[in-house]
Amino acid sequence: MIPVLEWLDVYRSFQRGVPVLNGVSISIAEGEVVGLLGRNGAGKTTLINIAMGMLFPERGSVRLFGLSPMEEPVAVKKRVGYVSEDQIIPSFPTIGEILALHRSLFPQWDESMERDLLDRFSLSLRSRIQFLSKGQARQVALLCAVCHRPELLILDEPAGGLDPAARREFLETSVRLLNREGTTILFSSHNMTDVERIASRVVLLDAGKVRLDRQLDNIREGTCMAIIPRASAPDPGVIAGMPGCLRVREAFDEWHVVVEGSRDSVQERLTAVLGHNGIRCVALPLEELFIEFLGGDRL
Amino acid sequence: MQIVINPSDELPLYRQIMRQIVESIAGGRLKSGDKLASHRELSEQLVIAPLTVKKAYDELEALGYIETQRGRGTFVCHRLPRVNRADQRDQIQLAAMKLLSQAYLAGLRLSEVTAILKDADREITGGARKDKESA
């Protein structure tokens, strides 16, 4: 089956010799919900802009439904919904006029979904754009992005700057879309709880490369963190060389090691190599995983 | 029944759902033939991806706790998976010893552990099995 969205060895820089994306390959299948994570400046927005055909990759390629967003923008955009990080709503006087434009652009525009969402978000067609709050502007942007029933929804920091209630509403709407349309979703976020709620897969971007690309359940059940006193392992190379070791980080007088395997099995393996020296294995919530992989003092 | 999830719990969401449904069946709050919420209802109620609910239901179906009837919905099975009683007894004995050693190391007395067990029973059964306790 053709992937819904695929980047193949994408390379892009804005200054010569300083790549923002340095050989990124990700392939997303129909029905997946993928959370794109990374620190500020990791290249998330650049990656999304390339998928939307707003930037070209200097090397490599991007395909949506097997099509190039630059060569066939209309065919692609019909099937994609997109909310950007700093959504700028076109300068129309009212919500009603923006929606009228979208209705005329998309023959498949779903008016009952439009009414449903207007109602849900308590938005009025007569509301003036310039007086909308940040949250309301996001809701209008989401409405514009989904009422043509896209097969793929791309959300760049959809909940950035929203209060918890507005964020939850945003998530609820996404879940409804998943249910009704089976939409594939890619979203970038700094909110780990949101990612843990709705993503089935997590891609961690760091310094222009994919650092981790895994099913969320697999992260929960198949990885853990071992905390090893430095005195027990003076040479971190030994730990880093162990099979299944994904990452070693120095934290005060301990090593934090992300390892593949259940807690019990990892504890057993480490004890076999290093002896009983105050080693303990703990579960790794997404927030901790993010910090372990992208935090400072990497080895 | 009310399912509660915690996205940052160390247990994956689908396992949290599975555990609560199995607990409800074990405690008698869900009975054979009872209807469960649909994937869609539950995912919208919990605000999680529908695939996660599907995964939980698929696993429970494979284990023989629930069954999906086309076009009608998902129900608790009439014949729940039969377990080997003798086998289970041994395992429960082991679990009890582990529980007690943990409790004694923490300085709890047997009576306190029994009180904890009774609390857990109320939690799991919601009083649905009172009849059996006196029997």
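What pattern does chain B follow, read along the sequence? The pattern is α-β-α-α-β-β-α-α-α. Helices (H or I, at least four residues) and strands (E, at least two) are DSSP runs, numbered from the N terminus.

The model is predicted: local features need pLDDT of at least 70 and side-chain atom pairs count only at pLDDT 80 or more, while totals for chains, interfaces and linings use all residues. Residues are numbered from 1 along each chain as its sequence is written, and chains are lettered from A and ligands numbered from 1 in the order in which they are written.

The C-alpha trace of chain B spans about 50 × 35 × 25 Å along its principal axes. Of its 135 residues, 18% are buried (20 or more other C-beta atoms within 10 Å of the residue's own, with C-beta atoms placed from the backbone). Contacts are pairs of residues whose C-beta atoms, placed from the backbone, lie within 7 Å. Among contacts in chain B between residues at least 6 apart in sequence, 54% join residues at least 24 apart.

Chain A contains an open sheet of four strands. Their order is β11-β12-β10-β13, and the pairing is antiparallel. Strands pair if DSSP finds at least two bridges between them. In chain A, β11 (245-251) and β13 (280-282) are the edge strands; each has a single partner, so one side of each lacks a neighbour in the sheet. From one strand to the next, the twist averages 25°; angles run from 0 to 180 degrees between N-to-C directions, and axes are lines fitted to C-alpha atoms, for helices over the stretch in contact.

Terms used. Buried ≥ 20, exposed ≤ 12 C-beta atoms within 10 Å, placed from the backbone. Contact = placed C-beta atoms within 7 Å.
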